[in-house]
Every structure is written in C-alpha cells, then in structure tokens.
Amino acid sequence: MRISTSVIATIGTAIFAVVSLNTPANAQTTLTDPQIVGIVVAANQIDIDNAKLALNKSKNKQIRAFAQQMVTDHTAVLKSVSDLGAKLNVTPEESESSKSLKAQAEETANKLKELKGKAFDKAYIDNEVAFHQVVIDTLNKTLIPDAQNAELKSALQGAVPLFEGHLEHAKNVQTALEGKAGGR
Amino acid sequence: MPWYRPCNPSFGSALLLAVALFAVQTASAGGKNAFSYPPEEAAAHNPDQATHTVEIKDFKYRPALLTVKIGDTVEWKNEDIFPHTVTAVNKSFDSGSISPGGSWKFVARKTGSFDYFCTFHPNMKGKLVVQ
C-alpha cells in the first residue's frame, strides 16, 4: 500500500514538473512544437515500457489484457506522431519536461520491478490510473494551449479521448482487482 | 403515375408487416422448429431487411443512436487507428476486438434497446434500438 502510494507520488511529481513549466512565473518557457512532440513521444514510450514490464511480470488476466492493449494503442499513437512529425517537418526535441518525465518514469519502473504478484498488479494499475490522469491534465493545460501548429494542436486534442478511455479502463481494472481482494 | 407502382401502398405495407411478424414468430419460437427454419433465414426472407452502417472514428460511434427493424443487419466499421469493440452492456452481443480498418456485423434478432460500449475504451458509448 505504501509502495503504490509512493509510486503515485512519484508520478505526481513528474506531472507537476511538466505542468509547472507553464506557470505565469516562467511563462517565457512556453513549450515549442518540437518539445511538445518530444513529451508526447516520451509519455507514450513510458506507457509501452511499463506495459511490457507488466506482460513479463503479471499472471493476472485483466492486467495482461490491459497491458497488451496499452502496447497496441500507444504503438499506434507513436506511429501517427512520427507520421505527423515527418509531414510537418517537426523533429522531437528534449526539454526539461521530457527529461524530468523520463527520470521519474525510470524511478517508478525500478519500484515496480521490485514487486511481485498481487502487489505488482496493484502498483501497476494504480500507476496507470495516475499516469493517464497526469497525461490528460498535461495535454489540456499545457501541450494543447502551447501548440503552435494547428494540425499538431488538433492531433493533441484528438488524443484526449484515447487517454480518457484508457483512464476509465484502468479504473475498471483497479475496481475489479479491489473487488477480488475485498471478497476474500 | 408510373405503371409499375403497386396498386395499393397500404396493401404492400400490410404484406411486409405480415412477413415481419412471421419472422418474429419464427425467431421467438427458438429457430429450430418443425420447418428447421433458422432465424438467420427468417431474417433473410424478410423483404423489409436493410443494412445499416455505424462508423467508429475518433473514439465515437456514428451515429451513436441507431434504430433498426428486426431482421436488419448492422455493420460497424472501424475507421480508427486503434482496435475497438462493440459490446452490449447486457452482454447480448460482443464483437470482440475489431482491428483498425476492420468491421463486424450482426443480424438484429431481438427487439429492445441495447446500450453498448468499447471494452478497451469504456468512454465510447452507443445505443442500438431494435423494433
């Protein structure tokens, strides 16, 4: 329980790091389109990596199905981002936000790697709920408002329902796992 | 007035209704009756049958609400880049995963109102009404 809370806290910090870049105090650090694409690529890759970890570690059917879907969906997003980037001539660029996101994700992954069985399943799905919530908030509050290119902005807006769908699915899995634990 | 028009439109409608009712009766009899007349065939013999298409795009079913007649075919086409499902809340139908560019269809054999969703993205919701 304590572990998964700290995982969420870690993710929360990462989100805060991304969102806080856009506070009025340092409004001059508005993200550029290449930096936005860099963050989108990083976020998708993080979720794919976590899902692959879950496919390696979990025996739970629902967790595995969810993780497999994350690999499929986020791989499709990465392809469309890469296609759009090529079309718009935008090359993903690192930023403090993407670096911080990756560093925090690595920390989360290391914590997940230490866990097994039901503890892993719970920490993984809790993290997925928190992560998708953060990505949705970051898209709405930072990435979409900052995007300069209209097509990029529209693609980011189009991605919101995907992340919302994953969030709802993750919450369903979370509830199902809790139900099983509570029923004993 | 074209020469080929049926003399009495209401007679035509009554005939269609009679056939439709027969199809309903056959279907509700459980399909495997003395005539071994499966519901699929009953539906196929329903001259009123139509095929309706629901497009799945941008995480939406379009149209989100579709009303059809019993015996009609409904086809869902996945125009998104992600797999989706068409799953009735009451489990009366479930497409399983429909790949991007793929489709799934079924013949509406039961009347009622069916809320459905995508099991992968449960924020996607639609409704099928079979009359």
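Q: How many bridges join β3(B) to strand β8 of chain B?
A: This is a predicted model, in which local features need pLDDT of at least 70 and side-chain atom pairs count only at pLDDT 80 or more, while totals for chains, interfaces and linings use all residues. Residues are numbered from 1 along each chain as its sequence is written, and chains are lettered from A and ligands numbered from 1 in the order in which they are written. Helices (H or I, at least four residues) and strands (E, at least two) are DSSP runs numbered from the N terminus, and two strands pair if DSSP finds at least two bridges between them. β3(B) and β8 (residues 125-130) of chain B run parallel, and the number of bridges joining them is four.

Q: What is the bridge partner of E55(B) in β4(B)?
A: β1 (residues 51-57) and β4 (residues 73-78) of chain B run parallel and are joined by six bridges. Within this pair, T51(B) stands opposite T73(B). The bridge partner of E55(B) is K77(B).

Q: Which residue takes a positive phi in the hairpin of β1(B) and β2(B)?
A: β1(B) and β2(B) pair in the antiparallel sense over three bridges, and I56(B) stands opposite Y61(B). Two residues lie between the strands of the hairpin. The residue with a positive phi, near 50°, is D58(B).

Q: Which two residues does a cis peptide bond join?
A: The bond has an omega of about 0°. One of its residues, P63(B), lies in the loop between β2 and β3 of chain B. The cis bond joins R62(B) and P63(B).

Q: Why are α2(A) and α3(A) roughly antiparallel?
A: Axes are lines fitted to C-alpha atoms, for helices over the stretch in contact, and angles run from 0 to 180 degrees between N-to-C directions. Angles under 35 degrees count as roughly parallel, over 145 as roughly antiparallel, 65 to 115 as roughly perpendicular and the rest as oblique. α2 (residues 33-57) of chain A packs with α3(A) with the axes 8 Å apart. These helices are therefore roughly antiparallel, at an angle of about 155°.

Q: At what angle do α2(A) and α4(A) pack?
A: The axes of α2(A) and α4 (residues 96-114) of chain A are 9 Å apart. The two helices are therefore roughly parallel. The angle is about 5°.

Q: Which element gives the most to the side of chain A that touches chain B?
A: Across the two chains, 13 residues of chain A are in contact with ten residues of chain B, where contact means that C-beta atoms, placed from the backbone, lie within 7 Å. α3 (61-88) and α6 (150-182) of chain A each supply at least two residues to this side. With eight residues, the element that gives the most is α6(A).

Q: Over which residues of chain B does pLDDT stay under 50?
A: pLDDT is the predictor's confidence in each residue, from 0 to 100. Chain B averages 77, and 64% of the residues score at least 70. The stretch under 50 has 33 contacts beyond four places in sequence, and it covers residues 1-44.
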